[in-house]
Amino acid sequence: MQFLSSRSLVALALGVLLATSAFAAATVGQTAPDFTVTDMDGKTHKLSDFQGKYVVLEWLNYGCPFVGKHYNSGNMQALQKEWTSKGVVWLSVISSREGQQGYSTPEKAKTDYKAKNSAATTVILDSKGTLGKAYGAATTPHMYVIGPNGNLLYNGGIDDKATTEVADVKTSKNYVSAALTEAMAGKPVTMAKSQPYGCNVKY
Amino acid sequence: MVGVTSPFRSVASPITGDWVLGLGSARLARWNGTKAAMRTAKNMRFFLTILLLVALASAGMAQVPGTAAPAAKDSSPHSEATLGAEFSTVVPGEEVTLALRIKLEPEWHCYWLNPGDAGMAASIRWQLPESITVGELQYPAPHYIPTPPLASYGYEDEVLLLMDARVAAGLKPGTKLELKGRADWLVCKEVCLPAREEIALTLTVGEEIEENLAWAPAIAKTRAALPTPATEIEGMRVRAARTEDGYVLAIETPEAAALARQDVRFFPQDQQVLTHAAPQERRAGPGLLTLSLVESEFANQPAERLRGVLTLPESSSWKQGAQVHAVTFEAPVEALGSIALQAATPAGDGLSSTLLVVLVSAFIGGMILNLMPCVFPVLSLKIMSFVQQAGDDRAKIRNHGFVFTFGVLASFWALAGLLLLLRAGGSQLGWGFQLQSPAFVAFVALLIFGLGLNLAGVFEVGMSLTRLGSAGGAAQGYGGSFFSGVLATAVATPCTAPFMGSALGYAIAQPATTSMLVFTALGAGMATPYMVLSLYPRMLSFLPRPGAWMETLKQVLSFPLFATAIWLLWVFGLQTGIDGAAGLLLAMLLLAIAGWIVGKWNVYAISGRTRLVTRATAILALAVGLGFAWNASQQAAPTVTGGGSGKSASAWQTYSDAKLEGLLASQHTVFVDFTAAWCLTCQVNKRTVLHRDAAMNAFAEKGVELLVADWTNKDPEIAAKIESLGRSGVPVYALYKRGARQPVLLPEILTEGILLEALADLPAKPVAPETLSQR
């Protein structure tokens, strides 16, 4: 009776350790991991700079059909407009690595931003995946809502319809809007976690 | 919320509630949308070309039923979907299986019902005639597609998603059923692209079904490979429990030993339950595999049930003799404690926590040893001595308990040390080795019989005989307690071979320290009841006060001892035959006479000469008795090894690795009896089961080749084979079914029912291989 060798066990344990440390997820109800990132204009942002404001993180890849559903229907832009007008900082994050699908240079990001009529506060370029991995972003679109005190309020999918069908946008329940609405009314967020859907983030 | 499909044939419970993902929305209801979009002229031409080609291929058939119509090709990049059916002509009121075939370019994949961290399952929006209803999509077992740090569940190359359709009754023959729909799925490589295809299929209603040869074989193959419900596999059961960071699956399966090193993977059907990319830590033990699962960070509450698919590599199976790579199950999540005992069964995979489990098993096993027929009488003797000492100093009782425990432990250490020494010396040795000596059995039988006489009141030596160490008669020597511990262990060993085989099999293959630990746990378990009684003398107060009843109890306790003596005599008889048994009975008679003399002429009531004569006679009787016993133990058993008597002997061939390999290679079913002359259980099984007519007839009927591996002389080839089967001693009964490399191991204590049941599963005797074999 020979089972797993001790060497493979050590490797397994190491693997688990590495996987968990490198891909630490942000936890709802706890302080969201701080970050220092650069946007498409070369400007540096820190999470702590936005203290007192709600922050939405939106993982973005224009080439992903699930993202396409929300941009082609105008849903994402409408959300961005609605919430930024209420003082929310909306950061779209591109974590595709250089050479991977969806990778974006600052110039391309700016062109796309205009072409798509994006109303996000700005687009963060995270080609090293530092921000994505710190938050455990799995898919595009994967959405996070951070409260004014820096606590994570929402982590998950954008809505409840994991399809690429534009028609589904109208009938779906948007979790980001729901979280922001509840939080701003001083209520606890009912749906604070959901399975994010979409395409893999191309780390 | 759209209707959600179930991937399995028999798990048809629709998912209710607010699932985040709208997976696999194959709808039962007909599509209420507008007519399908007109195809472009170009696509129409393409369609006609295909029709023409298929028509030609089907040799003049007037119509081309059951053929898919590829359309709007551009809508499905890097993949293609077609719709087909197993029959081209269907019968009213009957079922027909449809299939959506998705073909993918290399490196592209599409998704299972639960796509994992990203992706989307396929779905069909139907536009169906009234006269046909189409069931849910049935998904084959998915593949694990790692994209670190994430993971997806899906398919590469090609997949067939099956649907059961029912044709309405009362349709006229010749009616054409036009099935139309739109398939939607997602293909991903690095990029994900939505894919969509208009699908269509025409079925003709007829009086008899007509197979569609282009589809039927592929559909049949896919159907056969669909996950089987675990409940349909004999002996298989999957349980789930909550752990600190997720869940544990306890998979009870007779195949656990064979699958211990296989890559078992669980695919959860539901989202927001597990972290899809987390490793599923696997442990294995006899009859049990466990998988540790990490909870999803998106889980809003613990799951009430786990359901999904358990897969194995293509080369292995959940069911002996069948190709079952995937099973489905649904298990309520229980409290961890409720399956802890189950989880305590595995014999380890080298993890220290598993070692702990083994030690706990050994400890429990040790306690159970107290109930074995060869130990129980000693237990009663020991309880007797507790009763007797209850009036004594408590500290003294405790000390006796400690010494007794030490005696048990020392014996186990001695046994382990001996075993290790012999193992180190290269000697191939199994447990139960003491039984190889009939003299040992005779000695124990006489000892037990003598103790029985003593208890029955034939003679009195105080309780000194029960504490064999104090042969001089000292009533409370610590040596006596120590030695009764040793005695308890010594008489226990014949029982341990069949009952502790697994734990010892584990221990013997482990490093010396592990073996010693296991033996220590066994000993500790065995001594615990005594220890507890001596540590908490208050419990002794539950025992009745000493009195006249003790004499009665003492006499009653002689009966289990006599029963044990009979059992040992039977063992001895099996080893030495009827003459040997008679010799031992004679020895017992002489022992009884010696005892009677000692009892009749009480040592305190007689004077010098009588004393001398009676004691001399008693000693002579004892000596002659021992002589008979010794002589009897030298008798050769009539059926030593290898074969038995008469017709059954000829059917059994002598085992060798080469012979087994040869028989297996030539597609024979083979039964191997690993046995030894000194193995009691083996002999019993041989006489009561294996060499009986019922078994021999069943073997002959199924064309089973019979091999006997005789381990009496510690053949190293056989020892290696036994070890490779995960056992350390005989008996081992291995049934190699035709074409199977891994045998089914039958229980060590065999009954006719067990054997015949195992054989009943086999197909009848094959004609060709039998006539071709060179026997």
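In which loop of chain B is Gln272(B) found? The views below, all taken from a predicted model, begin with that residue.

**View 1. Gln272(B) and its backbone angle.** Gln272(B) is found in the loop between β16 (265–268) and β17 (281–285) of chain B. Its phi is near 60 degrees, a positive value in a residue other than glycine. Most residues other than glycine have a negative phi. Gln272(B) has 21 other C-beta atoms within 10 Å, and because the cut-off for a buried residue is 20 or more, Gln272(B) is buried.

**View 2. His78(B), a second residue with positive phi.** The loop that holds His78(B) runs between α1 (41–57) and β1 (79–85) of chain B. The phi of His78(B) is near 60 degrees, which is positive in a residue other than glycine. Is His78(B) buried or partly exposed? There are 18 other C-beta atoms within 10 Å of His78(B), so this residue counts as partly exposed.

**View 3. A cis peptide bond in chain A.** Thr140(A) and Pro141(A) are joined by a cis peptide bond, with omega about -5 degrees. Most peptide bonds are trans. Pro141(A) has its place in the loop between β6 (139–140) and β7 (143–146) of chain A.

**View 4. Ala651(B) and its contacts.** Ala651(B) lies in helix α15 (residues 646–651) of chain B. Which residues does Ala651(B) contact, leaving aside its neighbours within four places in sequence? They are Met696(B), Phe699(B) and Leu706(B). The C-alpha atoms of Ala651(B) and Val704(B) are separated by 9.8 Å, although the two residues are 53 residues apart along the chain. Ala651(B) has 16 C-beta neighbours inside 10 Å and therefore counts as partly exposed.

**View 5. Packing of α18(B) and α20(B).** Helix α18 (residues 693–702) and helix α20 (residues 752–760) of chain B pack with their axes 10 Å apart, at an angle of about 5 degrees. Angles under 35 degrees count as roughly parallel, so α18(B) and α20(B) are roughly parallel to each other. On the α18(B) side, the contact is made by Ala694(B), Ala695(B), Ala698(B) and Lys702(B). On the α20(B) side, it is made by Glu752(B), Leu755(B), Leu756(B) and Leu759(B). By class, this contact has six nonpolar, two charged and no polar residues.

**View 6. Chain B as the setting.** Chain B has 21 helices and 25 strands. Of its 775 residues, 46% are buried. Among contacts in chain B between residues at least 6 apart in sequence, 76% join residues at least 24 apart.

Methods:
Residues numbered from 1 in each chain as written. Chains lettered and ligands numbered in written order. Predicted model: local features only at pLDDT ≥ 70, side-chain atom pairs only at ≥ 80, totals over all residues. Helix = DSSP H or I, 4+ residues; strand = E, 2+ residues; numbered from the N terminus. Buried ≥ 20, exposed ≤ 12 C-beta atoms within 10 Å, placed from the backbone. Contact = placed C-beta atoms within 7 Å. Axes fitted to C-alpha atoms, helices over the stretch in contact; angles between N-to-C directions. Parallel < 35°, antiparallel > 145°, perpendicular 65-115°, else oblique. Nonpolar A, V, L, I, M, F, W, Y, C, P; charged D, E, K, R; others polar.
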